[in-house]
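Thanks for coming. I will take a few minutes on one model, and please hold comments until the end.

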Amino acid sequence: MAKTSKGTLYRGQAHGQWSWVAHRITGVAIFFFLLVHVLDTALVRVSPEAYNAVMETYKNPIMGLGEAGLVAAIVYHAFNGLRIILVDFWKQGTRYQKQLLWGALALWLVVMIPFLIRHLSNVFGG
Amino acid sequence: MSTPLKARISVPRSKDLEVNGVKYNRSSSRRNNFEMFAWLFMRLSGVVLLVLVFVHLYVNLLVEEGGVHAIDFGFVGGKWANPFWQVWDLLLLWLAMLHGTNGLRVIIDDYAEKDRTRFWLKVFLFVTSAFVILLGTLVIFTFEPCPVGADPALLASFCTAG
């Protein structure tokens, strides 16, 4: 149906649409990380050397930045998830969905700033 | 935009609910509440996962001197020698995998248009998820923090104490 229409431009306020897109993208990214994370942690069952060897390959600035991105995705998904729950269960949720998004993004900053200071100084501080 | 949201259904149903002259005809079938439970599960597990994941990240990335650099076999051994962290990580594994698997199921249903494509993508998703959940569970329960014959320098400190 969407294929025969003139497009799928969303005509409502964009906040809900883009927060939804970001929720999906961060969710998929976190899921694929999780698969790898369980597999690499499973190496503790092989030998201490095998596990440590793989962990060593993660301890460089590129992976450190990847970890920062992963945590940014997780924290967004978590706070926007709380916003979705409020929109669904709180009477005033739909009315304040835009404000709730700003709230989620503000919380995201509050968590990410101290996290990035500590994490990046661990990654780049040697 | 002009589509009426609450169309009047001509056939009367026993469950018809009428509010202000508008008939709401939500399915009342008991046969398949799966989607409702999936929807509810995403919200409940989401709240629990927020706590489980934030503590997991705080303990593994921030508390130790050096943060991520401190993660090695000895660190994992030290955590999983404690039943508290075994249960924590087991809950984390199951809830995160089920939450993520259901999320991907919904995304596949949304974007894969062909029946066969949808079917096989979901088969692949469910097989992968089952494998990862079982592997992770097995690892948490059969993990040996002080394996015999391993280099003591690589193990948690309690392995060599006493």
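Predicted model: local features only at pLDDT ≥ 70, side-chain atom pairs only at ≥ 80, totals over all residues.

Residues are numbered from 1 along each chain as its sequence is written, while chains are lettered from A and ligands numbered from 1 in the order in which they are written.

Chain A has 4 helices and 0 strands; helices here are DSSP runs of H or I of at least four residues, strands are E runs of at least two, and both are numbered from the N terminus. Of the 126 residues in chain A, 19% are buried, where buried is 20 or more other C-beta atoms within 10 Å of the residue's own, exposed is 12 or fewer, partly exposed is in between, and C-beta atoms are placed from the backbone.

Now the contact between the chains. Chain B puts in 35 residues and chain A 29 residues, with two residues in contact if their C-beta atoms, placed from the backbone, lie within 7 Å. On the chain B side, α1(B) gives the largest share, 8 residues. That side has 23 nonpolar, 9 polar and 3 charged residues. Nonpolar is Ala, Val, Leu, Ile, Met, Phe, Trp, Tyr, Cys and Pro; charged is Asp, Glu, Lys and Arg; the others, Gly among them, are polar.

How do α1(A) and α4(B) pack? Their angle is about 35° and their axes are 10 Å apart; axes are lines fitted to C-alpha atoms, for helices over the stretch in contact, and angles run from 0 to 180 degrees between N-to-C directions. From α1(A), L35(A), V38(A) and T41(A) meet residues of α4(B) including V132(B) and L135(B). By class, this helix contact has 5 nonpolar, 3 polar and no charged residues.

Next, α3(B). Its buried residues include D89(B), H99(B) and L104(B), and the buried residues of α3(B) pack against α1 of chain A as well as α1 and α4 of chain B.

Last, the cores. A nonpolar core is a set of buried Ala, Val, Leu, Ile, Met, Phe, Trp, Tyr and Cys residues joined through C-beta atoms within 7 Å. The largest has 15 residues, and V75(A), F79(A), A96(B) and M97(B) have the most contacts inside it. Its largest share, 5 residues, is from α3(A). A second, separate core of 7 residues includes F73(B) and W80(B).
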